[in-house]
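Hi,

Here is the structure I said I would pass on. Have a look at it first, and then read on for what I found.

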Amino acid sequence: AKLAPTCSRVLQGFKERAAQSVELMGKVSSVCREDYELLCASASALQHPGASIQCLKDSRGQLRSKDCKAAVLGLMAGASRDSRLDAMLQSQCGRDLFECTRAGVLPGEGRLLKCLKEKLSQLQPSCAAQLRKTVHAEAEDVRVNFEVSKACEAELHHYCASVKPEGALGCLELHLGGSDFGAPCATAVRATMRLALQDYRLHPQVKAACEPTLPRVCPTVPPGE
C-alpha cells in the first residue's frame, strides 16, 4: 500500500532536513562517531548545511569502520537516486536544479541528477565543482551510481560478478559490445563515458594513470578543457 500524499510529502521534507547533518542521522552518527571525530570534527553543519555529511563522503577512502563506510555509501546511493537528499548539491546547484524542474524534470529515480550531468559544461562553477564530486564517486563505485546500477543489473551479474564494485564500471565499459549487453545499460554506461570525455578527472582509472604526467605534458591546459 502507498503512503497518503500528505504523509509522503511530510516524510520527504523530514528526510531532506535530516540530510543536512550527521547528528540528525541516528545510524550514521552512531557507526561513524570515531571516524567523524578523527576526520570531520571541523565540518560543522552550522557552518554549511550538509558539510558534515559531505566530509564523510569525501573521506570514504579513509574511513576505518566498515559499518561507517557502508552507511556512508548507503547515503550516497540514496542521494544518487534522489538528489534532494544531497544537501550540498541542493545548496550549490539550486539555480540549475530549478531550471531542470522548470523544464519538467521530476525529482527521484536519478532524474534531476541526470539533468545536471547533461548540462555540466553550462553549470555555475560552484555547482559544477560539487557535481564533479558526485560523478567521480559514481564512477569509482557502481553501488552509488543509481542510473548504472539500475540499468545494468543483469549485465553486472553476467559480466562483472567477480569484479569489485570499484572496478565494475570499467568492466562494463570493456564488455559494452557484448551480445547480451542491453540497450538501457549501454546508454547509461556511454553517458558516464561522455562525462569523462569532457573532464578526465571524472574517470578514476584515467585520472590515476595520467594525472601525474599531465602538468608536464599539458602545462597550459586547465583540467576540464
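A quick definition before anything else: a residue counts as buried when its relative accessible area is under 20%. Also keep in mind that this is a predicted model.

You'll find Leu-172 in helix α12. Leaving aside neighbours within four places in sequence, Leu-172 is in contact with Val-148, Cys-152, Glu-155, Leu-156, Cys-160, Phe-181, Cys-185 and Val-189. One of these, Cys-185, is 13 residues away in sequence, with 8.8 Å between the two C-alpha atoms.

Cys-185 takes us to helix α13, where it is one of the buried residues, along with Ala-186, Ala-188, Val-189, Thr-192, Leu-195 and Ala-196. On the spacing in that list, remember that an α-helix has 3.6 residues a turn, so residues three or four places apart point the same way. What covers the buried residues of α13? The cover includes α8 (111–118), α9 (125–140), α10 (146–151), α11 (153–159) and α12 (168–174). I also checked the length of α13: its 16 residues (183–198) should span 22 Å at 1.5 Å a residue, and the end C-alpha atoms are 23 Å apart, which agrees.

Next, the pair α8 and α9. Their axes come within 11 Å and cross at roughly 115°, so α8 counts as roughly perpendicular to α9. The crossing is left-handed. On the α8 side the contact is made by Leu-113, Leu-116 and Lys-117, and on the α9 side by Cys-127, Leu-131, Thr-134, Val-135 and Glu-138. Sorted by class, that gives 5 nonpolar, 1 polar and 2 charged residues.

Glu-109 is not a glycine, yet it has a positive phi of about 55°. Is Glu-109 buried or partly exposed? Its relative accessibility is 30%, so it counts as partly exposed.

Last one: Val-28, in helix α2 (residues 26–31). Val-28 has a relative accessible area of 6% and is therefore buried. Not counting residues up to four places away in sequence, Val-28 touches Val-22, Arg-33, Leu-56, Ala-71 and Leu-75. Val-72 is 44 residues from Val-28 along the chain, but their C-alpha atoms are separated by 7.2 Å.

Cheers

Notes:
Residues numbered from 1 in each chain as written. Predicted model: local features only at pLDDT ≥ 70, side-chain atom pairs only at ≥ 80, totals over all residues. Heavy atoms only, no water. Helix = DSSP H or I, 4+ residues; strand = E, 2+ residues; numbered from the N terminus. Expected span 1.5 Å × (residues − 1). Buried < 20%, exposed > 50% of the residue type's maximum accessible area, 1.4 Å probe, protein only. Contact = heavy atoms within 4.5 Å. Axes fitted to C-alpha atoms, helices over the stretch in contact; angles between N-to-C directions. Parallel < 35°, antiparallel > 145°, perpendicular 65-115°, else oblique. Left-handed = near helix turned anticlockwise from the far one by under 90°. Nonpolar A, V, L, I, M, F, W, Y, C, P; charged D, E, K, R; others polar.
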